[in-house]
Amino acid sequence: MFKLLRADFYRAFRFKIFYLLISVNALVGLISVLNMYSYRMAFGVQYNAVRVLEQGMGGGFSFLGILSAIIVAIFIGHEYSSGAMRNKIMVGCGRSKIYLSKFIVSAVMCVAVYFSYHAVNFILGSVLLGWGDAVFSDVLMLFLAGLFLTLAYCGIFTFISMLSKSTVLSLIFGILGSLAVLMAVMILLGGLQGEYIADPNDPNGAILVPCRWPAWLQWLARAFINVMPSGQSAIISMGEGSRYGLYIALSAVWVVLSGAGGALLFRKVDLK
Amino acid sequence: MEYVLRTYGLTKRYKDVSVVNNVSMNIRRGEIYGFVGRNGAGKTTVMRLICGLIGKDGGTYELFGKSDGSAAINGARRRTGAIIETPSVYPEMTAYQNLKEQCLALGISDEKVIPSLLAYVGLENTGKKKARNFSLGMRQRLGIAMALVGSPDFIILDEPVNGLDPQGIVEIRELLLRLNREKSITILISSHILGELSKLATCYGFIEKGNLLKEISAAELEEACRKSVRLSVSDTEKVPYILERGLGLTDFKILSDTEVEIYTDVKIGEVALALHAGGIELFRVREKDEDLEGYFLNLVGGVG
């Protein structure tokens, strides 16, 4: 396993897309900090580094998921297209070990990309925006929730890439999948919020009618939003996240399930 | 006799179609085993099965005496190198970097093996040239170098000379012969270029429609392909006497009561006269001059 990790890291450090995406996410971090700074100047101190931290979880369009999908799909897909995956199996490296090595190295790259955004915020955001009255433990939990969210994305995309054996398919499944789930989450969130109807007593007013879905359906919808990484990403980015411990636990479940299931299924995969 | 690879009734099916059917092959240590078959005959599938790339639907195999179902099979695979269809190299890396990655995967920390491997396959001067800019022959040689990382005792090569120019073919052939002679590496090689294969192989396996038709040593094949004249006669009892005493021929074989095969150049007219004088009727004369290609085509039943 250690040998495979060394080999995979050797390649990862020469993987240009990895450095490109680190730069892109750091740039997004910089733009987010400057954008928040302009809000702060215009509207007040509630726009601080915590808001930038929250937006770093996907910015409302699963950006973290999209970045993770790109890294994992290209890193693992290239292993298949170059035939190097065959090489490792043919020399008896062991399929489960190969799978786990790919997951660990992909996870390290995805986390590095995640860090690149937050590094900018922790340095520049602290100076320009400050952390307001945020409690350290809350900020830490929020950061960890994002970290585990990234690992969950990575676990799922590693599963898809290792089993689909195709860069293009993995990219399509990864990016469109993230966006499709996000869209479903948005629809569910809208439904759960209830709907505004015209106020019979006020021609210019509207009243909010609470969600009329059955209780079990509302529970299912909330569970779906909390369980899906894109759902967590959307909730946190909107500044409505609070159950970070739950998000961390659910993301850890994704990592374990995708890792164990993927390693098991990969043993049966036929390679050309 | 020590076997590097033995398969027992190996079978692979795709959607109820058998692409490898009950294949039992035996490769002894030190052999260069030429695997011969048409496109789609099942050569590559057998190689993939042996390399653990695809799952089997029946049968079993032993690699260095380790059964494919046992936990020790991965250990046996570490003594094996392979190129299936195309060399597996990272195009964005140099030859050195490709070998280093393979060394790391196999736990070889001593980088000194890399220059010697590159020199062995004639790629010592590629410097910072990326593998994507290599010619097909260079990629093929790099693939072989990758397969040699870890000093394997057995290498599996699927069509290694496909698409190479004549010089490239000769270079690969020389390289494989050196590997076999100098490093005692057993080689399983498939190729469409049967003439080329015949310059390498010490043993052959012929596969057609997923069935292994025959395994034969190079010596046996040479014997079977020997240039000869086959005579069909009324009776072979007196033939040895006539050929030896009358015509001075010694290199012949009585095949049956009515058939005899002569392995030297003879004048058919003289033979016919001698046989007639000895009271033997000559019914038919058939000249045989087969090479590996002819032998293969005869075996599989023609070019169809």
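**Close-up views of a predicted two-chain model**

**View 1. An open sheet of four strands in chain B has the order 13-14-12-15, and its pairing is antiparallel.** Strand 13 (252-254) and strand 15 (282-288) of chain B form the edges of this sheet, each pairing on one side only. Averaged over the sheet, neighbouring strands are turned by 20 degrees against each other, with direction ignored. The structure shown here and in the following views is a predicted model.

**View 2. Strand 13 of chain B is joined to strand 14 (residues 259-262) of chain B by three bridges, and the two strands run antiparallel.** Within this pairing, B:I254 has B:V260, in strand 14 of chain B, as its bridge partner. In general, strands of a sheet pair through backbone hydrogen bonds, either parallel or antiparallel.

**View 3. B:I32 lies in strand 4 of chain B, which spans residues 32-37.** B:I32 counts as buried because it has 23 C-beta neighbours inside 10 Å, the cut-off for a buried residue being 20 or more. When residues up to four places away in sequence are not counted, B:I32 touches B:N180, B:I187, B:I189, B:L200, B:A201 and B:T202. B:S217 is 185 residues from B:I32 in sequence, yet the C-alpha atoms of the two are 10.0 Å apart in space.

**View 4. Chain A contains 11 helices and two strands, which follow the pattern α-α-α-α-α-α-α-α-β-β-α-α-α along the sequence.** Taken along the principal axes, the C-alpha atoms of chain A fill a box of roughly 75 × 45 × 30 Å. Of the 272 residues in chain A, 46% are buried, and among the contacts in chain A with a separation of 6 or more, 83% are between residues 24 or more positions apart.

Methods: Residues numbered from 1 in each chain as written. Chains lettered and ligands numbered in written order. Predicted model: local features only at pLDDT ≥ 70, side-chain atom pairs only at ≥ 80, totals over all residues. Buried ≥ 20, exposed ≤ 12 C-beta atoms within 10 Å, placed from the backbone. Contact = placed C-beta atoms within 7 Å. Pairing = 2+ DSSP bridges. Axes fitted to C-alpha atoms, helices over the stretch in contact; angles between N-to-C directions.
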